[in-house]
Structures are given as structure tokens and as C-alpha cells.
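Dear colleague,

I am passing on the structure we spoke about, and my notes on it follow below. Please read them with the model open beside you.

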Amino acid sequence: MEHLLETAQKIKSMEIRGAGKIARAAAAELRDYAERLPTDEINEFNEKMKQAAEVLVNTRPTAVSLPNAVRAVMRYRGETVDEAKKSIKKLADEFIANSENAVKSIGEMGARRVRDGDTIMTHCNSAAAISIMAEAHAQGKDISVIATESRPRLQGHITIKQLDRLGIKTTLIVDSAVRYFMKDVDIVIMGADAVTVNGSIINKIGTSQLALAAHEARTNVIIAAETYKFSPRSILGELVEIEERDSSEVISREKLNEFSNVSVRNPAFDVTPREYVDLICTEVGAIPPEMAYIIIKDFLGWGIEEINSNNQKH
Ligand code: RUB
């Protein structure tokens, strides 16, 4: 359990972060955990796997990719521990490979929407969104990017580092400057932690503000999201839980203690309504947000009964 708890801690503390990476890390951890389990008794093995799955799912509440990845691996079958381990390995490896391919396909599809000379605005750090920018740049399109800092955890610094390595001209701005610069922007490209059945996008706090500014300026907003970021449980009417993180990410405890009447709120994500989103780029096609239901029903491969009987969140 020790290694599994370490991985869980890395996800909690955001050493491993970003919805896609979290999902792949969880799938890999379940596979390796199963491999290490010493028992030959299948019931005990299954029980231990269930506990491990629960530990991983409970690390961060918002990225639906996490329970979806865990679910994909926990569909394993086996009469014996050996069979179960083989099945888990196959499912986890498949999930990871599909996920990596999905990010690549999204890049290829999304790059078609980027024109030569475009200025792109992005928020936070999304591998799927960056895949689009990287592909457009690789195709020889002369693009530049405006990247927000993404307070409080400054994931924008990861983004500018990655774009710089790719040789893409990038401008770093503070989050509150998005509307100021919107007039210079041709297209907004961001990622998602979750997409609900009504086409709402859950992504890093500030995403909805940026989308609102883009909507006002009639600038297109593209969301890059693999199908495993769509929330099956939203079909049942459930809302995606928005993670609220510690106040120390915003202001030091010491500073906060100087005040008597001040509290801090630190939601990590917000919800962008579908009206502000032009297109969601998934690996199975670029869709209008109104079509989220089809992705959940036809591509995620979950039956309603299965969703209903699953007690895990999302
Ligand atoms: C990351 C974030 C990213 C999405 C998509 O939040 O909001 O935009 O997870 O990322 P955090 P990707 O840093 O809190 O995990 O496309 O890499 O899956």
C-alpha cells in the first residue's frame, strides 16, 4: 500500500496534476499495485483492489478522468489472482495508450481550427490544449500564445515553459488581464477536468471568466477534452464537485492570522456554461457542447445501469 499512498499523496499535493496525467497515473498505480499484491486468494485480492481504487478516487474530487480511469481498470475479470492481474495490466495499459493517443488526435483535429498568424489565449496548463498549439506550430503556422499565470498555483508557468521549448512565441499575463487582451486574441483554447451531459465545462478557476470575455468579444472558445473527461454520473443529474483547496495557497497562514475578520475561499475550478463554448475537441471528433450526451452514451461505453449501480463519485 505504501507506493499507492505515495501516488495518492502526489495527486493530492498536485505534484501529479492535470486531468489526463492524474488519470494515467491512477491507472498505472492500480496495475503496479495489483502486480505487487502478495495474495493468491482471489476474494482477498478483489477486496484489496477495491480499497486501492477508493484511495485513488478520493484524492481529488473534480477531474472526472480519475474515476473514469479507475473504473476502466476495475472492470477486470479473473477466476484466479493470476488471471485478474493479467486482465488489470491489459486494461490499464490500454487506458494509458488510448489516453496518450487521444491527446495526439485532439492536437491534429484542433490544429485545423488554428490559422496562420493566429494569437491564441490559454489558461492554466492543459496537455490537450497544448497538443493543439504544438501541432499547429509543427504544421508551420505562425502562431503566438497569450498564457495566464493561473493563480494561485501558477500552472501558467508550466505552460510558458512547454511553449518556449516548442519555440512558440508566448506572452505571460496576470489572470485579471484576460479582458484587456481579448481584442488581440483570435481563438481561445483551454482544457477540461470534466464535461457534463449538458455541455458545461469544468476547468481551472478563471476559465468561465475568460470564456465570458471571449463571448463578449465574439472570439471562439475551443475546449480540448478526451472522452474520459465526460461525466457519466451527470446523466443521473449529479453535479460535479468543485474542489476547494487550502487557504495557504492564496495567503500565508501567518499573514492571515493577522486579521480577525478575514476568511479565504479557494475554489480550484469553475463551471463554464455551454453557451460560451463553440467546440469541444475530443479524440472521436470535434463536437458542439450540446452533443456531450452522445459521447457519454455511445463512446464511454457505460450502460445506465452500470452508472446507476456505481457508488463512486461522478
Ligand atoms: C488543471 C486544469 C487543466 C485540466 C486539463 O488543474 O484545470 O486545464 O486538468 O488538463 P490542476 P489536461 O492543475 O488543478 O490539476 O489537458 O492536461 O488533462
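Helix H7 is followed by Gly 167, whose phi is positive, near 85°; helices (H or I, at least four residues) and strands (E, at least two) are DSSP runs numbered from the N terminus. This is a predicted model, in which local features need pLDDT of at least 70 and side-chain atom pairs count only at pLDDT 80 or more, while totals for chains, interfaces and linings use all residues. Residues are numbered from 1 along each chain as its sequence is written, and side-chain values use heavy atoms, with hydrogens and water left out.

Within H7 itself, which spans residues 156–166, Gly 156, Thr 159 and Leu 163 are buried, where buried means under 20% relative accessible area, exposed over 50% and partly exposed in between (1.4 Å probe, protein chains only). These three lie on the same side of H7, because they cover an arc of only 55° around the axis, the arc being that of the directions from the helix axis to the C-beta atoms. The face turned away from that buried side carries the exposed residues Asp 164 and Arg 165. The cover over the buried residues of H7 includes strand E1 (119–122), helix H6 (127–138), strand E2 (144–148) and strand E3 (169–173), with contact meaning heavy atoms within 4.5 Å.

Ala 225 counts as buried because its relative accessibility is 0%. Leaving aside residues up to four places away in sequence, Ala 225 touches Ile 106, Ala 192, Val 195, Phe 230, Ile 280, Cys 281, Thr 282 and Glu 283. Val 185, by comparison, is 40 residues from Ala 225 in sequence and 21 Å from Ala 225 in space, C-alpha to C-alpha.

As for the chain as a whole, it is divided into domain 1 (2–104) and domain 2 (105–299), with bounds that come from an automatic or database domain assignment. The C-alpha centres of domain 1 and domain 2 lie 26 Å apart, and 21 residues of domain 1 are in contact with 32 residues of domain 2.
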